Amino acid sequence: MRNFILFFSLVFIASEYSSQNNDFERCATTSYMQAKHNHDPISKIAHQKFVQRVVKSESEIEQQSKATKFIPVVVHVVYANNSENVSDAQVQSQIDVLNEDFTLTNTDFSSVPSVFQQVAGNPDIQFCLASVDPDGNPTNGINRVQTSVSSFGLNDNVKFTQTGGANAWDPTKYFNIWVCDIAGGTLGYAEFPTGSVSNTWGAVISYRYFGRGGSAQAPFNLGRTATHEVGHALGLYHIWGNGFCGDDLISDTPPQQSQSNGCPSFPKNAFNSCGSDASGEMFMNYMDYSFDACLNMFSQGQSNRMNSVLNQFPYNGLLNSTACGSNPGSGSGSGTTSGYDLSITEITSPSGTYCSGQIQPSVTISNLGTQSATDFQVGYKVDNGTEQIVQVSGTLSIGQSGALDLPVINVSSGNHSFTARVIAASGIQDINQSNDEKNIAFTVQGLGASLPFTEGFEGFSFPANGWSIENQDGQKTWERTQVGRQSQASAYVNNYDYQVQSAQQDGLVTPLLNLTTAINPKLEFDLAYQMYSEDGQFYTDEFQVLLSTDCGATWQTLYQANGSDLITTAIAGSQSSFAPLADADWNRLTIDLSAYDNNNAVQIKFVNIAQYANNLYLDNVNITSAINDNITTGIDLVSDENIRIYPNPFNQFIQIE
């Protein structure tokens, strides 16, 4: 993994080769990403980690029977004069080229030498111009914006209205392409994928090299610039690895000395100094720099890479987008979703554990179809009780979602389930009834449990009975892992892969506890953490322990740590994903709870504050009360001596104080 990361460090400091036949930069993706990483070093780490995850999943892609993936596209035409305002026909011609090149149906594939045809890949990805905009209004997928800016550089100004460009449409639902005049004659550039939502992700193409016909200029007038840049956006590198005999991390593309130019003859550079064979270099690959007429294939490895990217968050959202509406290939990556389709997409309440049985249910309803929904009903019930029906008046437009608060319910103590379903208006058929209903488990606590309280996360059910998880952003959070301190499991948060735009808090909350009979109660737990280090810099997450006596309405901080205060290992930081493999990797912490021994409803919350650094582990949680009994053990003990035994449960060792 160290060698892998080193390679990417070299990629991003390598200079972009400019064409030997032209005085402009054919593709500015490397220069663009280098500037981005210089401005925000975390973005470099984000991309490195994401690619590591993508590469690991490629073997699964190879074993899957691939279905065609459909991606909604919005083309932002940002123009200062009429010559830059490319026509609808030219935009459609570019979509046609993408569909040909990404499904291996391009007619010029026949010109590929047979030795390379054997490793050609079919990404099986199709692109469709959006028919619904982010507000649910009809669109042709082309957003025209007139600007006073004569040309744009590599600073993302074209991607924001306030700097003369056009704001991206939701990148989890649309693939954004910006067409404009790029300064310096650059053909195009793209942003590499990372593990989080980015409103600058997509491709920027010069109007001079976009699509077929119209303003497109030879020899880059066949739409292959967009094919090349979309390849970058889906995780592909230049075939020569952006350095002499560089590596594009794709095994079936032969080693190549540098970029190609013009239309080379086959074989090109047979037995080159990088180790190619008699077939030489794959100059016809879309990720090379040959003229458009000579670019006509992706390899199978490149196809797997792009499909693997599309299977990862947040790019898998594109495959479920309904933004193409009734256009061919919209929705779920498998065909057209048309007609009336309402869905309960989330139950926000009830969820987790409640102190009181008086609960306000709330659900999110989404219109996933291609027609507006008006005056429908929502049914709901607790457990197997009688379903209650509420009438919802108004209109939910195509692609819109809305939150609906339902009447307050009163629920007894114990474990329960809540079910909600959406019911179409009378006389209307919902075409996809499988997403109409959703249910969720929740718990209403009575009096808090007496001490001792122990949890080692050994059970396969997670969170354990009575525990709850607070996951504000719906992304990575607390989960069970089969690594523990003298045990088989623990709870952890995968901060190593948890890329966040700002610190996100994820809470793991205990059941209610009754401390009224406790004597000098104490909280003890095992913690393991190591920072992430890169180029001499250290990156840290944060950990807190909070306590509530009012069922979670307010919380008091008992403990917090980050940086060196949080480290439990001998080595402060590492580039690797951290896992505690030895007992010495753990620390045991003790917190005095005696100030709360008159409360019958205490909850403890363990909080991970993610900063995209490294993994944090929690194990052997014990909340105990001191024992004030005379004990006959063969050892003389003072009658008021406090005896503590931990951890409980234990495996291999036990401590008595």
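A patch is made of residues with over 30% relative accessible area and no salt bridge, with like charges joined within 9 Å and nonpolar side chains (Val, Leu, Ile, Met, Phe, Trp, Tyr) within 5 Å. A salt bridge here is a side-chain nitrogen of Lys or Arg within 4 Å of a carboxyl oxygen of Asp or Glu. Accessible areas come from the Shrake-Rupley method with a 1.4 Å probe, and for residues only the protein chains shown count as cover.

Now the ground rules. This is a predicted model, where local features need pLDDT of at least 70, side-chain atom pairs count only at pLDDT 80 or more, and totals for chains, interfaces and linings use all residues. Residues are numbered from 1 along each chain as its sequence is written, and side-chain values use heavy atoms, with hydrogens and water left out.

Back to the patch. Ile-645, Phe-650, Ile-654 and Ile-656 form a nonpolar one on the surface. Together they have about 390 Å² of accessible area. Ile-645 sits in strand β35, residues 645-646. Helices (H or I, at least four residues) and strands (E, at least two) are DSSP runs, numbered from the N terminus. Ile-645 is partly exposed, at 42% relative accessibility. Buried means under 20% relative accessible area, exposed over 50%, and partly exposed in between (1.4 Å probe, protein chains only).

Next, aromatics. Rings of Phe, Tyr and Trp (its six-membered ring) pair if their centres lie within 6.5 Å; planes under 30 degrees apart are stacked, over 60 edge-to-face, and the rest tilted. That rule gives 27 aromatic pairs. Take Phe-578 and Tyr-617: their ring centres are 5.7 Å apart and their planes stand at 85°, so this pair is edge-to-face. Phe-578 is in the loop between β31 (573-574) and β32 (587-592), and Tyr-617 is in strand β34 (residues 616-624), so the pair ties together parts 39 residues apart in sequence. Phe-578 is buried at 6% relative accessible area. Tyr-617 is buried too, at 3%. There is also an aromatic cluster, whose members include Phe-453, Trp-467, Tyr-559 and Phe-606.

Which rings does the charged end of Lys-49 sit over? One is Tyr-496, with the charge 4.2 Å from the ring centre. Another is Tyr-532, at 4.3 Å. The criterion: NZ of Lys or CZ of Arg within 6 Å of the ring centre and within 35 degrees of the ring normal.

Tyr-532 leads us to a sheet. Tyr-532 stands opposite Ser-574 in β31. Strand β27 (residues 531-534) pairs with β31 in the parallel sense, over two bridges. Two strands pair if DSSP finds at least two bridges between them. The open sheet has three strands, in the order β28-β27-β31, with mixed pairing. β28 (537-539) and β31 are the edges, each with a single partner strand, so one side of each has no neighbour in the sheet.

On to helix α6, residues 224-233. Ten of its ten residues are buried, so the helix is largely enclosed by the rest of the structure. Among them are Arg-224, His-228, Glu-229 and His-232. Just after α6, Gly-235 takes a positive phi of about 100°.

Last, the backbone. Ala-218 and Pro-219 are joined by a cis peptide bond, omega about 5°. Pro-219 lies in the loop between β7 (203-206) and α6. Phe-313 to Pro-314 is cis as well, with omega near 5°. Pro-314 is in the loop between α7 (300-310) and α8 (316-319). Phe-271, not a glycine, has a positive phi near 55°. Phe-271 is exposed, at 60%.
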